Structures are given as structure tokens and as C-alpha cells.
Amino acid sequence: MFDICELCEPETLAEAKAIYAANPELKVIAGGTDVLIRMQHGSLAGAGLLSLRNIPHLDEIEMLADGTISVGAMAPFTRIFEHELIRKHVPVLGEASVSMGGPQVRNIATIGGNLCNGAVSADSASTLFALDALLKLETAEGERIIPMRDFYAGPGKVNLLPGELLVAILIPREGYEGMGGHYIKFAPRKAMDIATLGVAAVCKIRENRFVELRIGLGVAAPVPVRCFEAEDYAKGREVTWECVQEIARLALKPAKARSSWRASKDYREHLIEVLTQRAVAEAVKRGGGCCAD
Amino acid sequence: MLTKNAAGVKARKRLCMTVNGRAVEIEIDIRESLLDVLRDRLQFTGVKQGCSVGECGACTVLLDGTPVNSCIYLATWAHGKAVVTIEGLAQDGKLTPVQEAFVDEGAIQCGFCTPGVVLSTTAMVDSGKCFTHDEVRRELSGHLCRCTGYQKIVDAAERALREADIAADEHPV
């Protein structure tokens, strides 16, 4: 049995926001595949839970009138991976989604929960960084939309105000249209493992030159990071293997890799360089370019 | 809406679901996992308790046809849903084609993972989709076989999928 002192199961978002505003000490539970495991390990003892599972429509994936793809915070990873809109427009997010956990976990775990945990290893986070995604956050008072990169405050910490819920992830048209993308998760096992390093690259190629390149790294620093130096360097340059190698070297700039029991700092830095090369090369290929040396 | 436990205010809840096709109505404690309810209260002991943290897949059940780890799923969330455990597959002592495939391939050793892998394979077969070799492996990747007999498990799943496909061709709907 889980050490839960109370369980709130609102039926509407408005009700959830009202309960959370009045009881900001509640722990929000989405899919439960992290919260319940932490409880099983003895943390969060005696917590009161605010479950979002009974709220309809919070798991929907849709394209808005302006071409923005909206992914409901309660969308489970399997749904994201299998969804027609994601397959067609943002396959790189599907690739990241299917790399997370195992099938039974992906059937329940939600993208919103993955982000709100603040884990630097979240497979969806580095990809959403690269896609320039926005987050729609709501309280009982109102809503705000913030860029993904303003969301992470530190390891396991995110910028949610008391009583604030993540409602949807928004991927603007400019974030994905005409872009080739690739996500590489590096972990000792292919399933049921946490990334030692995650690299997401998306790029737009014209006449074999980088019109735009965006790179997101997971587990390279205390929070997911974008590689702006590498991205600026790439802009307008012809795609060559040397160029990709330089991009990968510059991708180390925002990294603050550290040693942990999973991997040493040196190993992680090696991975950042090598995996960025591979991710960018594949993204280029999918974007219609070629970087054969 | 508020289900309090602290002062014993209201920690119990009525749960209505179907288990293996039969309607079940039971009063549960909100702190119970679906695994607790299925195994300890309803005696479906084919639902195994392994790691308790969603890693081994021994507690896998089908929830509206989808495999989930019942150890990290609150029982209350199953309200109104259809649950299938390994006990729900064979009818009148007759194994399902998926179970037959596991027997025929010798894909069973100690039995720790068997209920789970059979249910995940059943979900694949019932989805009516085609799966590549890599996709079969991916769909079974949330199960730990402690005997390490993965090859035969994958063989059995592929056999079940192949035979379901042949059966579908013979009886077009």
C-alpha cells in the first residue's frame, strides 16, 4: 500500500485548479510512474495527491489554427509515438517518446509528468528544447505561456508557481515545419533505462546549407540545455563533415557534465561530441541534406 | 472528491470494474495499488508481485486491452475499466492460441515473467497490427525474464502473431 494521506480526483480542470490553489501542498500525480515509485521507495511519505487522471481532454493532441501542435500534458508516451500528427510533423518527438521506459510505462506515463519532475534525463525535454516548444501553465487565476528553456530551475526543480498546473505543450509551426530531426538516447540498455546522455537535433537545410539548426542536450548539465554557440556557427554554412565536427565541438560549450555513478564527466563530454555529430548528421539527412565527407 | 485518510475521514472507495469479463464491485482503500486489489483481495495470483517499481513487468495486466504495470497504478484509477489477468485467457481449460504458441516454443521456464509476456503478446495480437522483429522485441522489453529465456519468448510471440495473421486470412471479416 502506498503511504497516501488523501487523494483528490477532480473531474474538471477548473475544479483541479481550485483545489490546488486552496491546497498548494498537494503533490500532483499524472501517470504515477514516477510519483508512485518514489512513494514505494519511501519518499513523499504521507503525501496528499491531486490526481489529474479523471479530467477529460487533457491528453489530446491536436493542431491549432496557426499550425501549432498542442500536446496535452496528460498524453501518454505511447499515444504521442503513435499519433498521426506527431508521425507526420514532429517524428523526432515520437522517437524520443518511444525511447522512454518500457511499453507498460509508456502506456501510462505522461509527457507532462516527465517535464514537471524536472529530471534532466527526461527524454522528451531535450527534444522539446530543440523544437523551441512552449508550455501552457494555468492557475485558478489565469494562464501563462513560457518557453521550455525558462521552465527548468535546477535538478528536479521547475518554475511552477504554487497552485500552477502544466496543461499543454505547444510546438509552434516554426519549431517543426520543414525540419529534419533526430534524437539519440545513450544508455547501457535499450529499454527500461535512464539516459546517460540524450541529444536532440533538428535542422532546416536548403541547397545543402544550414538555414537553421537547433540542438538540445539532456544530462549534459544540471538542466537540459540548448547549444546556441553551435547553432549560430552552423547558420548559413554548407553542410560538410568538418562543419558537423565543429558543431559537435561547440555543443560542449553549454555543457556542465559531472561525474555520477552512471558515467564520468570525461565520458559524458566524449558522448556529447560524438552523439551530437551523429544526431546532426542524421537530422541533416532527414532534412534533405548530405554531409558525406 | 476529497478522499481523506489522515484522520480516517474517508479513505475507502467503491471500485467497479470488470475483471476477466466479470463485473466486480469492491470497497477498496485508496492507498491500494491495482496489484494489491487483484492479487490479495480478488485472489488473481497470476498477477505477480516482482519489483514493485514498474521495472520487471511481472505484474502486467491488460487495462482496456493495454498492458500496464499494476504495481504502480492506483486501484481507484481502474474504476469503470476492463481488466484482464492471465486467469482470463484460457476458457474451460482450453488455452488461447497465444498460450499455445508459448507452450509450443518452450517459452516457459520458471513462470515469473510468463503471465506478463503472454498478456503483452495477447495485446499485440489483438491490436491486429503487424510487428517487425525489432518491434516485437520492443513491445516485450518491459518484461524481465529471470531465466534469461528471451529468445524463445520472442519466438513464441512471433509465432502467435504469424498464426493470428494466417487465421485472419482464412476467415476474412
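This tour goes through the model stop by stop, from chain A to chain B.

The model is predicted: local features need pLDDT of at least 70, side-chain atom pairs count only at pLDDT 80 or more, and totals for chains, interfaces and linings use all residues. Residues are numbered from 1 along each chain as its sequence is written, while chains are lettered from A and ligands numbered from 1 in the order in which they are written.

**Stop 1: the domains of chain A**

Select chain A and colour residues 4–51, 61–174 and 179–286. These are domain 1, domain 2 and domain 3; the bounds come from an automatic or database domain assignment. Between the centres of domain 1 and domain 3 of chain A, taken over C-alpha atoms, the distance is 35 Å.

**Stop 2**

Now pick residues 209–218 of chain A, strand S13. Helices (H or I, at least four residues) and strands (E, at least two) are DSSP runs, numbered from the N terminus. Seven of the ten residues of S13(A) are buried. Buried means 20 or more other C-beta atoms within 10 Å of the residue's own; exposed means 12 or fewer, partly exposed in between, with C-beta atoms placed from the backbone.

S12(A) and S13(A) run antiparallel, joined by nine bridges. Strands count as paired if DSSP finds at least two bridges between them. Find Ile205(A): its bridge partner in S13(A) is Phe210(A). Two residues lie between the strands of this hairpin, where Glu207(A) takes a positive phi near 45°.

Leu217(A) stands opposite Val225(A). This hairpin has six residues between the strands, and Val219(A) has a positive phi near 65°.

**Stop 3: the nonpolar core**

Show Ile169(A), Ala200(A) and Ala201(A). In the largest nonpolar core, of 148 residues, these touch the most other members. Such a core is a set of buried Ala, Val, Leu, Ile, Met, Phe, Trp, Tyr and Cys residues joined through C-beta atoms within 7 Å. Helix H12 (residues 265–286) of chain A gives the most to this core, eight residues.

Zoom in on Ala200(A). Beyond its neighbours within four places in sequence, its contacts include Val92(A), Phe129(A), Tyr183(A) and Ala279(A). A contact means that two C-beta atoms, placed from the backbone, lie within 7 Å.

**Stop 4: Gly118**

Go to the loop between helix H7 (111–116) and helix H8 (123–130) of chain A, where Gly118(A) sits. Gly118(A) counts as buried because 21 other C-beta atoms lie within 10 Å. Not counting residues up to four places away in sequence, Gly118(A) touches Tyr152(A), Pro155(A), Gly156(A), Lys157(A) and Val158(A).

**Stop 5**

Switch to chain B. Five helices and six strands make it up, in the order β-β-β-α-β-β-β-α-α-α-α from the N terminus. Of its 173 residues, 45% count as buried. Its C-alpha atoms fill a box of roughly 55 × 40 × 30 Å along the principal axes.

Finally, show both chains. In chain B, 31 residues are in contact with 24 residues of chain A. Strand S1 (2–4) and strand S5 (66–69) of chain B each supply at least two residues of this side. S5(B) gives the largest share, four residues.
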